[in-house]
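Subject: Structure handover

Hello,

Here is the structure you asked to look at. Open it first, then read on for what turned up in it.

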Amino acid sequence: MEDVAIIGASMTRFGQRDAWIRELLAEAGQACLEDAGMSADAVDHLYVSNMASGEFEGQTGVPNALAHDLQAVPAYTARIDQTSSSGGAGIYAAWQSVASGASEVTLLVGGEKMTHRTTAEATDVIASLTHPCEYKHGLTLPSFAGLTARLYLDTYDAPRESLGKVAVKNHRNGVDNPHAQFRKEVDLETVLDSPIVADPLRLYDFCPITDGSAALLFCPVSVAEEHADEYVRVSGIGGATDTHVVHERADPTTMRGVVESSDRAYEMADLSPDDVDVAELHDMFTILEFLQFEDLGFAEKGEGWRAIESGRTERDGELPINTSGGLKSKGHPLGASGVAQAYEIVQQLRGDAGKRQVDADVGLACNVGGFGNCVTTAILEGVDA
């Protein structure tokens, strides 16, 4: 099996964009190829991470259209849909294609166009990923988030303010991300006084509806050594699922998909949670940062909230979390989010993160679908060729 490198990475501005999905994907794809110094005709496989282009804008066949738009014909194309973890699933598929030897150069582009729909319409599209027995009762992902947050706070005697501090931290990080949707700090009082969405969670505990795209270029390490002075190696990757019906889980505050996928990634990389220097977690809701932090092995069960209280997860802390601003500040264009998480880790490992830069040799990205229904965890390491 080939060792796999990432030699190109790009991300568009996230937020409300006039461009449609094909334009967004082409923007990120072209920028990624330019970052890697590769031409489109070198691409063997072209994957598009996207959850709902058909539902959001009536556009299907986007991978084939992107191959045409980038002049990457006759590359093999495929769409990767794994709900809100489509980006992570795309990373897994791109890694597999190169590791197996089926492709020497694989381009992954993730994107979503969402802001032209109302909040109710977008929420309904996203809620379609839930089990029918939950959907028919009106349960949405924000509902699950509120119920789980209440259970977590009560079970582990965590202060409500700790969730608010996640939002404050991630907004502060987003100020220094030129691609982020929200580049504005918020204070704790503003977070705690914002309108209730799903008690105890309020407006600032949720990520926004977003347009945007991001891309990564994969190849064997042997090829990367010929083309780049520095690159990032995919040292570990794992994917897993949990029960599709959330109420069937023994403990809703444990995301078994995160536990299983990260265990596989750590084993493959021959690393432990202690080796990770920086991580991007899927903070679609603030409570998810605590759950993932624990299930990835960064803290004991029920102790994740103490990390934000102690400053451990701040940019200048022991383990910076969501230096990009996270989904909370950066935005959450469904198919692009997992790819953008890896983009941030690549930037950190290459020393290209600007004001967000931290000291890091090993980074981790965890992309969650639904409410932990499916998860991909990737561990990346920086390498000087």
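Is Thr-83 buried or exposed? Thr-83 counts as buried, because its relative accessibility is 17% and the cut-off for buried is under 20%. Keep in mind throughout that this is a predicted model.

**Backbone points to check**

Stay with Thr-83 for a moment. Find this residue in the loop between β3 and α4 (86-99).

Look for Asn-322 in the loop between α13 and α14 (326-330). Asn-322 is buried, at a relative accessible area of 0%.

Next, the cis peptide bonds. One joins Val-73 and Pro-74, with omega about 15°. Pro-74 sits in the loop between α3 (62-70) and β3 (76-80). Another joins Asp-199 and Pro-200, where omega is about 10°. Pro-200 sits in the loop between β5 (196-198) and β6 (201-202).

**The nonpolar cores**

In soluble globular proteins, nonpolar side chains tend to be buried together. Now see how that looks here. The largest nonpolar core holds 54 residues. Phe-285, Ile-287, Phe-298 and Leu-364 have the most contacts inside this core. Several elements each supply at least two of its residues, including α5 (119-127), α8 (160-174), α11 (256-269) and β11 (374-384). Which helix gives the most to this core? The helix is α7, with six residues.

Pick out Ile-287 on your screen. Beyond its neighbours within four places in sequence, Ile-287 is in contact with Ala-145, Ala-149, Tyr-152, Leu-163 and Leu-201.

Another core, of 36 residues, lies apart from the largest one. Met-11, Ala-89, Leu-108 and Val-346 are among its members.

**Two crossing helices**

Turn to α8 and α12. Their axes come within 8 Å and cross at roughly 100°. The two helices are therefore roughly perpendicular to each other. From α8, the contact uses Ser-162, Leu-163, Val-166, Ala-167, Lys-169 and Asn-170. From α12, the contact uses Thr-286, Ile-287, Glu-289 and Phe-290. How many residues of this contact are nonpolar, polar and charged? Five are nonpolar, three are polar and two are charged.

Leu-291 counts as buried, at 0% relative accessibility. Leaving out residues up to four places away in sequence, Leu-291 touches Thr-148, Tyr-152, Pro-252, Thr-253 and Met-255. Take Pro-252 from that list. Leu-291 and Pro-252 are 39 residues apart along the chain, and their C-alpha atoms are separated by 9.7 Å.

*His-282.* Look in the loop between β9 (278-280) and α12. His-282 counts as buried too, with 0% relative accessibility. What does His-282 touch, not counting residues up to four places away in sequence? The partners are Ser-84, Leu-288, Gln-292, Leu-327, His-332, Gln-341, Cys-366, Asn-367 and Val-368.

*Glu-2.* Go to the segment before β1 (4-11). Glu-2 is partly exposed, with a relative accessible area of 36%. Glu-2 touches Val-98, Ala-99, Pro-220 and Ser-222, again not counting residues up to four places away in sequence. Now compare sequence and space. Glu-2 and Gly-101 are 99 residues apart in sequence and 6.8 Å apart in space, C-alpha to C-alpha.

**One annotation**

Over residues 4-220, the chain is 43% helix and 18% strand. How far apart are the end C-alpha atoms of residues 4-220? They are 5 Å apart.

Best wishes

Conventions
Residues numbered from 1 in each chain as written. Predicted model: local features only at pLDDT ≥ 70, side-chain atom pairs only at ≥ 80, totals over all residues. Heavy atoms only, no water. Core = buried A, V, L, I, M, F, W, Y, C linked by side-chain atoms within 4.5 Å. Buried < 20%, exposed > 50% of the residue type's maximum accessible area, 1.4 Å probe, protein only. Helix = DSSP H or I, 4+ residues; strand = E, 2+ residues; numbered from the N terminus. Contact = heavy atoms within 4.5 Å. Axes fitted to C-alpha atoms, helices over the stretch in contact; angles between N-to-C directions. Parallel < 35°, antiparallel > 145°, perpendicular 65-115°, else oblique. Nonpolar A, V, L, I, M, F, W, Y, C, P; charged D, E, K, R; others polar.
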